[in-house]
Amino acid sequence: MPSYQPWTQGYRPYNRPAPVNGLAIASLVLGVLCCLPGVGLVLGLVAIRQIRRRGERGTGLAVGGSVLSGAGLALWVLLLATGAAGQVWHDVKEGARHGTARSLAKGECFDAPGGVLGGDAYDVDEVPCAGAHDGEVFASFRLPGGAYPGDDSVSGTADERCRGLGDGYAMDGWALPPDVDVYYLTPTGDGWASGDREVVCAFGAADEDGELTGSLRNDETVLDADQVAYLKAAHVLNAALDTAPEEEYVEDDLAGHKAWAGRVAAALGEQARMLRAHDWPAASRGPAGALAADLDEARAQWAKAARAGDADAFYASYEAAFDLIDPSRAVTVRKALGLATTPPAARSEEGSDTGMQV
């Protein structure tokens, strides 16, 4: 009896095609994505063996996946050997911060989307300070690590720190335009999760439709030694004046106002000492000495207010003491030093002006 070749596919109207090897598909996907090149290479080699043994399809997929994965693995080895992988990861994290404010350095100017400054960090474009711009970076700092403290906490810290750092960049408050205010760019919650802790402090126009033109920087990089010496002495008094108690009326916190008057008196004494200790040029020596004498007189009145027995006695000394630190008394020495000579408006509640600076 004749023998017959068995029908290996079973009886069907059409032959069923051999299946595609799953590992071959996975190898090609990993090779294209280049995310796990080592795994893709191994899967490709295993797939080739399985295809030969099982008669499956997918040889081209397995070979392609192996080649791409092998190339990706070689690239990662090269990156690790040259240290470029760390830079790649750094760039990835920077891209997750949702803004380019982090690339702005102190002294650089920028435009913001729609001209709106402040709040969460966003994309900004660096522009020359000589032309019109929305903001000028004067400082930056990093917040401590840990869990995201919340929008209110981040904004509160940014507001306090940025306002305190402005004097170090624009040392002469009289030279600041009256429509300039302090703004800050802060990390978002998503940026915080990616490691962003940086707050960027910037000057901008107080009017949301306004712009700045030219740099506001006036510090040791642009001022001479005599100008810096005078401004540092003036900042001693400003720092003390900024510690006024929250209660506006002396009757509501006599002890707090007396303590404040004592701090101002001590600051006036230190300011006078600094003015006398500096070796001034001939043209400014006389005006600086005259200002120091005025400060001595003012210090006596502020010290008297610090010893007041009641609110009425405090007010009596305070009014005379305040007149003695009127900014106009500093115009002569400022003119001799080549500094701005027009006193700014009275200090606002937010403390953005430096009207009390002498």
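Predicted model: local features only at pLDDT ≥ 70, side-chain atom pairs only at ≥ 80, totals over all residues.

Modeller: Residues are numbered from 1 along each chain as its sequence is written, and side-chain values use heavy atoms, with hydrogens and water left out.

Biologist: How many aromatic pairs does a search of the whole structure find?

Modeller: Rings of Phe, Tyr and Trp (its six-membered ring) pair if their centres lie within 6.5 Å; planes under 30 degrees apart count as stacked, over 60 as edge-to-face and the rest as tilted. Searched in this way, the whole structure gives 11 aromatic pairs.

Biologist: Of what kind is the pair of Tyr-148 and Trp-192?

Modeller: The ring centres of Tyr-148 and Trp-192 are 5.5 Å apart. Their planes stand at 65°, so the pair is edge-to-face.

Biologist: How many residues apart in sequence are the parts that this pair ties together?

Modeller: Helices (H or I, at least four residues) and strands (E, at least two) are DSSP runs, numbered from the N terminus. Tyr-148 lies in the loop between strand 5 (135–142) and helix 5 (151–169), whereas Trp-192 belongs to helix 6 (residues 189–193). The pair therefore ties together parts that are 44 residues apart in sequence.

Biologist: Is Trp-192 buried or exposed?

Modeller: Buried means under 20% relative accessible area, exposed over 50%, and partly exposed in between (1.4 Å probe, protein chains only). Tyr-148, at 28% relative accessibility, counts as partly exposed. Trp-192 has 5% relative accessibility and therefore counts as buried.

Biologist: Which residue lies over the face of Trp-174?

Modeller: A charge sits over a ring if NZ of Lys or CZ of Arg is within 6 Å of the ring centre and within 35 degrees of the ring normal. At 3.9 Å from the ring centre of Trp-174, the residue over its face is Arg-334.

Biologist: How is helix 7 directed relative to helix 8?

Modeller: Axes are lines fitted to C-alpha atoms, for helices over the stretch in contact, and angles run from 0 to 180 degrees between N-to-C directions. The axes of helix 7 (residues 225–241) and helix 8 (residues 254–277) come within 8 Å and cross at roughly 175°. Angles under 35 degrees count as roughly parallel, over 145 as roughly antiparallel, 65 to 115 as roughly perpendicular and the rest as oblique. Helix 7 is therefore, relative to helix 8, roughly antiparallel.
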